[in-house]
Amino acid sequence: MKARLLRLSNTLRESYWFVPTIMALAALLLALTTVMIDSHAGSTTWTTGLPGLDTARPDGARSLLSAIGGSMIGVAGTTFSVTIAAVVYASGQYGPRLLSNFMSDRGNQVTLGTFIATFVYSLVVLRTIHSAGEGGSAVAAFVPQLALLIALVLVLCSIAVLIYFIHHVPMQIHINSVIEQIGGRLVDDIEARFPARDEPPSATSASAMPVPAALLAERPVVGPDRPATIACQGMGYIQLIDESTVIAVAKEHDMVVRLHRQPGDFVHKHSVLMTAWPADACTEQAATALRHAVALGSRRSALQDLRFLIDELVEIAARALSPGVNDPFTASSCLDWLGAALATLARRRLPPCQRVDAEGSLRLVAQPVTFEGFVDRAFGALAQYASADMIAGKHYLDALGDVARNCDDPALIATLARQARAFRALAAKALDGACRDAVVARADSVLNALVHAGAQDSRAGDADRMEGII
């Protein structure tokens, strides 16, 4: 249930109707409240004697609110049209997976909500205005002066929001802003998800717990020691896995659960989500609770999937390096942010696969998270594109060197060295002439520094270990 609630909150955050709906309801309540105050305090008495605040008459108040309501709904329609055009442009230029980034932009949602809220407010207040004798000869004229004043304030706010929106949309679809938004979220998620190396490990993590052999077997185990298989009952992409719920269910039924999938994977009704050992402890109730800990969706989400954010940057860079675009500087910006993310990751402690409960008993075996896997997902996926361009190729090697400066583990440096060596081989085949010589020379320089750094003691300083990297 918790996983589905988190998925619902993320869906609402990315929806284009939730915030405008909340603002429209707030405008409705504000209109009813101000009209009620006016009806009890008197529609004209409180404005008497105030400088610059003349008492409005019914005809004038109707004309004012009608003009405000008509103009606001027209501006809202124009705003929505401009936003859709920007989304379509971004989808064609940067990739369809970036649509959620634009739809979830809070500035666009608040802009549309402001115009709709002003329209709703004006419409509700307009309904309460009546002249003397309307509906009966004894009925006095009623003009809610406070409500009219607030309507004018909302108009001023709408004008300010419109100016902001005109500035915000061009800035939002600028390629550097798009890359910064994705890269910044990637770095923030890494810092939030993985603790620093000097921080104590999580109470649920354990690196030396023995895992039952039945769970480690890649092929189905036959016999009484076989684990129970928990298959998926839906179809879609895994957006979130609530590990705390999985651990709680495993503890309640005294079993160990292994996750065979991770956020971002596509599953169907024949996919195995988890296996539980021993099989006798995994009742139908436990299997249902474990399935409810996994939230599925029609598309990938960045809720728990760092690979999705990396793939977005890789997609932008790959499109920029395509023959039809040929924009190596956009690809270089993506490499900068990928390098910053991996440099941050190199200074964090990645969690082990084993998770334990409060008593220290093994309850969950998750999918491994490795530095090598992230490097391959980022730099490995871009190698074939960057190796065919001199500018992007040299920047690719510089980014690898920048990541290495933040590595204090020889194993991490060895991973980067393997990536640089593979990139050198690709560039030597894809380029020729002076371009090939420049990239190969840069690769040799970086490789020499990486090998030198990896051979030194991991306790050496960064400047000493990485001296010579360009």
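## Close-up views of a predicted model

**View 1. Q354 in strand β8.** Q354 belongs to strand β8, which spans residues 354-356; helices (H or I, at least four residues) and strands (E, at least two) are DSSP runs, numbered from the N terminus. Q354 is buried, its relative accessible area being 12%, where buried means under 20% relative accessible area, exposed over 50% and partly exposed in between, for a 1.4 Å probe and protein chains only. Although Q354 and R258 are separated by 96 residues in sequence, their C-alpha atoms lie 9.2 Å apart in space. This is a predicted model, in which local features need pLDDT of at least 70 and side-chain atom pairs count only at pLDDT 80 or more, while totals for chains, interfaces and linings use all residues. Residues are numbered from 1 along each chain as its sequence is written, and side-chain values use heavy atoms, with hydrogens and water left out.

**View 2. Strand β3 and its partners.** Strand β3 (residues 236-241) is largely enclosed by the rest of the structure, because 5 of its 6 residues are buried. β3 pairs with strand β5 (residues 266-267) in the antiparallel sense over 2 bridges, two strands being paired if DSSP finds at least two bridges between them. Within this pairing, Y237 stands opposite F266 of β5. Strand β7 (residues 294-297) also runs antiparallel to β3, joined to it by 4 bridges, and here L296 in β7 is the bridge partner of I238.

**View 3. Helix α9 and its buried side.** In helix α9 (residues 243-252), the buried residues are V246, I247, V249 and A250. They are placed on the same side of α9 because they cover an arc of only 165° around the axis, the arc being that of the directions from the helix axis to the C-beta atoms. The buried residues of α9 pack against β4 (256-259), β6 (272-277), α10 (284-292), β8 and β9 (362-365). Just after α9, D254 takes a positive phi of about 55°.

**View 4. The nonpolar cores.** The largest nonpolar core has 65 residues, of which F371, Y396 and L416 touch the most other members; such a core is a set of buried Ala, Val, Leu, Ile, Met, Phe, Trp, Tyr and Cys residues joined through side-chain atoms within 4.5 Å. Helix α11 (residues 306-320) supplies the largest share of this core, 9 residues. A second, separate core of 25 residues includes V246, V267, L290 and L364.

Conventions:
Contact means heavy atoms within 4.5 Å.
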